[in-house]
Amino acid sequence: MKKSGFVVLLMVLLVGLCGAADAAAKDILIVADQYDATTMDPIAHNDVPSSRVCYELYDTLVFLDNEGNVSPGLAESWEFLSGTEYKFNLRKGVKFHNGEEMKAADVRYSMMRATTDAGAKIATYSQNVKDVEVVDDYTVIVHLKKIDYSFFSSLAHSWGSVINEKATEAAGDSYGMNPVGTGPFKLVSWQKGNKYILERFEDYWGPKPKYKTLEVRSVPEPTSRTIALETGDADIAFPIVHNDLKRIEENENLVLFRRPQNSTAYIGFNVTKKPFDDVNVRQAIYAALDIVGIQAASYRGVGKVPGTLIPSAVKYSINDEIPPHVQDVEKAKKMLADAGVKDLKLEIWTNERKERVDSATIVQAQLDEIGIKSEIKVLEWGAYLNGLMEKKHDLFILGWVSTVPDPNFAVSGLLETTAIGASNYTFTSDPKLDEMLDKGRSLPDGDERAAIYKEMQLYINAQLPMIYLHNDESIAGTQKNVKGFAPRSNEIHSFRGVYFE
Amino acid sequence: MILYIVRRILFLIPVLIGVAFCVFTLLYLTPGDPARMVLGEMATESAIQEFRRKEGMDKPFLIQFGNYIYKAVTKGDIGSSYITKRPVMNEIMATFPSTLKLAAFAIVIAVIIGLPCGILSAIKQYSIFDTLTMIFAMIGLSMPVFWLGLLLILLFSVYLRWLPPSGFDTFKAMILPSLALSAQSISMITRMTRSSMLEVVRADYIRTARAKGQKESVIIWVHALHNALIPIVTLCGLQFGQLLAGAILTESIFAVPGVGRLMVESIKMRDYPVVQGGVLFVAVAFSLVNLLVDLLYAYIDPRIKAQYR
Amino acid sequence: MDENTKNGLLLEIQDLTIQYVTDSGTVHAVENLNLRLGRGETLGFVGETGAGKTTTALGIMRLIPSPPGVIQSGKIIFEGQNLLDKSEPEMRGIRGGKIAMIFQDPMTSLNPVMTVDKQIAEMIKLHKNVNEAESLKLAGDMLELVGIQRERMHDYPHQFSGGMKQRVVIAIALACDPGLLIADEPTTALDVTIQAQVLELMKKLKQQFDASMILITHDLGIVADICDKVAIMYAGRVVEYADKCALYSNPVHPYTIGLFNSVPDLDEDKEVLNTIPGLMPDPMDLPSGCTFHPRCTYAVDRCSQTKPEMIHVGDGHLAACPVLAKARG
Amino acid sequence: MSDSVAVPVNTGRKKRGGLAEVLFRLRKSPLAMFGLIFIVFLAFIAIFADGLAPYPYQKQNLMHSYETPSQQFLLGTDEFGRDILSRLIYGARISLQVGFIAVGIALVIGGMLGATAGYYGGWIDNGIMRVMDVLLSVPQTLLAIAIAASLGPGLFNLMIAVGISAVPRYARIVRGSVLSIREMEFIEAARAVGSSDLRIILKHIIPNSMAPIIVQSTLGVASAILNAAGLSFIGLGIQPPYPEWGAMLSGGRQYIRDYPHLTLYPGLAIMLTILSLNFLGDGLRDALDPKLKR
């Protein structure tokens with residue numbers, strides 16, 4: 001009776017609702033993302049969902065395409081005056097969402113703001129900016145503190161977005177909720193934790209989007225995202241998890257996109273702690289692990305095991321040239337014995353990400369076979385970072401995304417001495433590596449730069465401060481009638497060019 | 001009566017200060033440096049120091065707490081989110097409607113189903129209907145909401161494709177979370193109604209009514225129900241209060257952008273002002289709902305009204 | 001039995017047996033009970049707690065809670081008709097209208113969430129053809145009749161004292177001029193001073209309304225004050241039935257004698273109060289034969305074997321003890 | 001009192017000892033007996049998990065992942081090919097541990113606070129109960145989450161978080177029953193013969209306020225297990241590879257479409273356990289409370 005009451009109630013509700021499906025012409029693109037943006041201030045974040053919305057709201061001086069080629073953005077052309085001086089000629093007649101014209105002063109304001117504490121999260125990119133010189137309303141010269149050729153491509157990152165000085169100053173602390181940019185979309189409403197709605201900016205300088213409204217919902221549950229695609233509640237959904245790949249591929253109304261991502265998940269060693277300070281111990285542990293199997297079991301056919309620290313799509317990568325790692329338990333035992341390590345007990349730390357926990361679980365089982373007893377600690381993000389900062393860890397699983405596709409950013413943030421206290425959680429401090437990194441930055445693109453990074457990758461592999469676990473893929477699903485969309489390797493997917501067929 | 005309300009609200013103040021103190025202490029003990037979390041892995045040491053200074057985190061614990069209370073009491077300012085920089089109140093108010101809707105929906109479902117089931121069960125005590133209802137109620141009570149939520153998604157979203165598993169914008173999308181959330185309340189209200197009715201039905205004044213020659217239906221629906229309602233109303237109020245704050249799991253399964261999820265996310269992001277403000281807000285809401293219940297109580301029960309002076 | 005009473009017979013109970021059937025056994029609450037009540041008479045119903053007095057009263061009202069209560073057999077003839085044959089709707093017309101009941105505890109007998117005038121008016125509306133306003137007016141009249149100011153008619157029960165509540169209960173009971181009033185220990189829960197007032201009121205009103213009354217009590221003093229006839233109950237049976245004077249001057253059944261002896265006598269100076277030895281038997285497991293025999297000082301062998309019949313021991317005086325009946329008779 | 005309508009169930013029946021009497025009454029409720037038997041069964045499983053489980057709970061077998069129930073794996077395997085049945089069996093150990101120890105913590109702390117408050121009254125009572133009011137004005141789930149977050153994950157911390165968040169309830173209940181018992185004559189008598197306060201509390205008051213406490217504790221174990229599973233579900237609970245049911249459920253939810261058995265069995269296990277405890281608690285309430293006899 002109670003049950004049937006339930007069902008009757010549901011039926012009544014449903015009959016009433018199912019009829020009222022939307023019949024209007026398609027002028028809205030609905031995207032199911034995993035998380036909501038944290039802020040729409042381009043320099044107050046360093047997370048992918050926020051970067052994605054900034055990409056639609058703002059423009060940068062230069063654009064980078066999927067292959068890493070630079071094309072003009074707000075700057076029509078540019079000139080490298082020297083290693084530390086880049087001159088940009090700005091596009092004329094570009095309007096902000098508030099109607100003002102974009103001028104050199106705004107570019108200067110945007111960049112200099114990024115060098116203050118407001119830009120602490122993207123300091124990696126902005127710290128080298130010395131000054132921005134306003135030559136005239138449509139010309140600026142960016143002065144760097146020291147030569148760094150990786151800087152230029154970073155300008156295409158969200159941090160390089162040009163914002164409106166007046167609007168930003170007026171909004172003060174609440175700017176992150178009231179963005180004003182020059183991008184093809186402007187913000188209509190944002191319900192935090194749920195969705196934001198953008199609308200086509202009719203005065204956009206470039207090609208205008210073919211649809212009026214862009215709605216991005218945050219749907220944390222992978223199953224729910226796939227269902228949203230299947231039921232037509234979403235036009236585009238990402239990321240898609242491995243167990244739903246086939247489901248989307250086999251669905252004739254849907255299209256699955258896969259693209260290698262510029263990211264590396266790794267099992268790091270705390271190299272300041274005994275016995276992990278010994279490269280032989282690190283190598284022994286590496287030998288004990290069937291990394292290929294672990295990656296396959298945890299990520300289930302998505303991505304691949306990296307060969308080096310620099311992801312394949314980033315220039316000068318030799319990621320795909322390294323032969324696959326082979327597990328050798330006997331060798332591992334011997335190396336461990338040679339290093340004089342007995343009865344090793346260790347902790348493997350990870351955050352809650354399922355695949356990482358899964359990997360840790362398998363690593364634990366495999367280490368057991370060479371007599372290493374390990375305990376897994378799954379920490380919630382804040383506690384995890386804090387613990388790493390305090391150097392209490394042994395092994396830990398973490399990932400690194402090269403949002404800016406320059407090899408420098410793939411390595412420096414993880415292993416350079418200056419990154420200790422920031423994102424260098426292996427606490428690697430290797431003068432030789434630091435020197436190579438310096439040299440790599442000071443060279444313009446070319447064979448010489450390529451050689452340095454190749455050498456660097458092999459050197460890191462030999463030192464083994466971390467075991468590479470996984471190069472991820474950007475996987476997205478769309479409705480069949482959605483065209484002009486392709487996931488990007490840095491996960492900053494763009495919806496500017498999407499149209500319906 | 002008004003005096004009573006004012007007194008109750010005044011009484012809330014020390015309780016809230018106590019709550020604030022507890023939360024403050026808990027957060028103080030929580031591992032994870034908010035400055036580091038907020039500013040990111042690449043933040044420089046000076047930026048972090050500046051942040052800590054600006055947020056008053058360099059001061060001793062008690063001074064931090066004192067400042068917080070001082071600002072909250074004198075200016076009604078409970079701080080701004082570390083992450084969005086918006087006032088905490090705005091953050092909460094942005095999420096509260098969803099939670100309120102969810103809780104209200106759930107409690108309405110619970111009353112609509114639970115009350116009649118409980119009454120029928122009591123009238124037909126020991127019948128098959130009664131036994132089945134009680135077993136179902138117990139199952140409902142024992143069902144972990146996160147499991148029920150998954151089962152509902154599996155049934156209604158995956159297999160039947162009737163209802164969306166997430167999104168809280170449309171009425172359609174609100175059905176599943178409300179149902180999942182209401183299961184426990186339905187069971188509790190059913191059980192409470194039954195036992196309350198059974199107790200009342202045995203009361204002397206019901207016998208008096210019978211001795212007057214009154215019809216059984218009038219006895220049940222007028223005499224008994226009115227008296228039985230007193231504990232039921234309390235329970236509904238308590239349940240509603242619980243739902244307001246206890247929807248955390250439901251909100252996370254169905255991606256409802258509510259206060260509960262805001263709390264969990266803020267704890268994870270170490271956005272302490274939001275956590276503090278959120279817990280305080282929930283405590284206030286909880287207490288106000290309880291006050292409301294007490295007032296409703298007086299409306300139903302004249303004996304209690306007499307005590308509210 | 002005198003003719004007068006017989007002609008004016010209002011209520012006659014024949015062989016009434018009521019049981020409570022529970023999981024742990026059957027409670028023999030009332031067994032083969034026989035009783036008569038004439039018009040205008042007041043019958044005192046005396047016995048210890050658990051003797052079955054209230055059950056008998058509820059039986060007359062057909063308000064035995066069921067389950068577990070079951071009226072197994074017997075007849076309850078009220079105004080010449082067997083109440084046990086009545087349908088439930090017919091019974092509803094009789095309850096309150098013709099037979100009204102006053103319950104023991106005035107504290108709990110009134111609906112706490114209803115004003116008293118409405119509670120009285122409810123009774124009036126059920127049995128008299130009046131509208132809401134009239135019924136409320138009559139309710140006010142009834143309140144005045146039982147000695148409560150009319151202004152207080154809109155008050156809730158909790159605003160009255162115990163004695164006043166019982167007055168309200170009496171007002172409800174008498175509101176429809178019933179032929180029979182059953183009062184179940186109406187004063188037990190009240191203070192002694194209030195008891196007298198309430199009893200006085202009941203006595204007065206009973207006369208005024210010309211009703212018969214069954215007064216359930218364990219207080220022999222009250223019986224002496226109000227009643228015409230007395231029935232002594234023990235373990236579900238009436239063991240002695242007589243005129244008040246006859247009973248008080250010449251108690252026959254050993255239990256009755258025991259009861260009278262246990263009343264403290266101010267004229268005598270005794271160290272110890274006389275009590276009846278032993279306890280009431282377990283109603284699930286009654287002794288065989290005369291249920292009183294285990295406690296009876298006069299018991300002989302056959303007392304434990306055959307159930308004693310009611311025996312005439314005088315004019316309208318019956319007792320269920322063959323041993324003493326023979327001795328007296 | 002001559003309310004002869006209330007059936008005197010107790011009179012005359014042979015007097016049983018307290019426990020035997022309770023068990024006797026419990027036997028009459030099939031649901032409560034079901035609950036009791038299931039919990040005893042579960043406790044048995046939990047204690048002898050090492051002998052009963054067909055596989056170690058952490059034993060991976062990647063060749064056999066996601067298998068549906070079969071002869072080899074009675075309830076199938078999870079994503080690592082770990083035997084779900086074995087994990088459920090070990091999970092019983094964890095869940096019961098969490099449930100009972102958390103309630104134990106809540107009972108000891110809450111009980112002491114409540115007994116002290118109720119027994120001494122006055123400003124001590126006032127002080128303690130105001131603090132409890134503060135804790136009660138934060139809903140239990142939220143409180144548990146906050147405590148769990150501040151302690152960090154782990155079995156022991158989970159117990160503490162769940163336990164502490166339940167303290168105010170027990171303090172209230174114990175205080176309530178102590179208050180009602182304190183006024184009774186035998187306490188006066190004990191005081192008159194010069195028993196110490198502690199002795200009175202321990203020897204007289206606590207044993208006499210046991211009934212509501214036992215009932216509340218039984219139901220409390222259920223809610224503690226549920227709470228702990230909820231915390232594990234949102235990732236504030238127990239570390240892998242320990243097979244906590246809530247964590248198993250959470251881990252399997254990504255596969256709910258393809259392999260519903262990963263979530264079905266842990267969910268069922270939680271539900272049955274809670275159900276049994278609730279049935280048992282209800283039955284105990286009826287058996288222990290003379291007023292509720294029917």
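User: How many residues of chain B and chain A are in contact with each other?
Analyst: In this predicted model, 45 residues of chain B touch 45 residues of chain A, where contact requires that the C-beta atoms of two residues, placed from the backbone, lie within 7 Å.

User: Which elements of chain B supply at least two residues there?
Analyst: Among them are α5 (88–123), α6 (128–142) and α8 (171–201) of chain B, with helices (H or I, at least four residues) and strands (E, at least two) taken as DSSP runs numbered from the N terminus.

User: And by class?
Analyst: That side of chain B divides into 23 nonpolar, 10 polar and 12 charged residues, counting Ala, Val, Leu, Ile, Met, Phe, Trp, Tyr, Cys and Pro as nonpolar, Asp, Glu, Lys and Arg as charged, and the others, Gly among them, as polar.

User: What about chain A with chain D?
Analyst: The contact takes 19 residues from chain A and 16 residues from chain D. On the side of chain A that touches chain D, α12(A) gives the most, with six residues, and by class that side has 10 nonpolar, four polar and five charged residues.

User: How many helices and strands does chain D have?
Analyst: Chain D has 12 helices and zero strands.

User: What share of chain D is buried?
Analyst: Of its 294 residues, 53% count as buried, that is, with 20 or more other C-beta atoms, placed from the backbone, within 10 Å of their own.

Technical notes: Residues are numbered from 1 along each chain as its sequence is written. Chains are lettered from A and ligands numbered from 1 in the order in which they are written. This is a predicted model: local features need pLDDT of at least 70, side-chain atom pairs count only at pLDDT 80 or more; totals for chains, interfaces and linings use all residues. A residue is buried if 20 or more other C-beta atoms lie within 10 Å of its own, exposed if 12 or fewer, and partly exposed in between; C-beta atoms are placed from the backbone.
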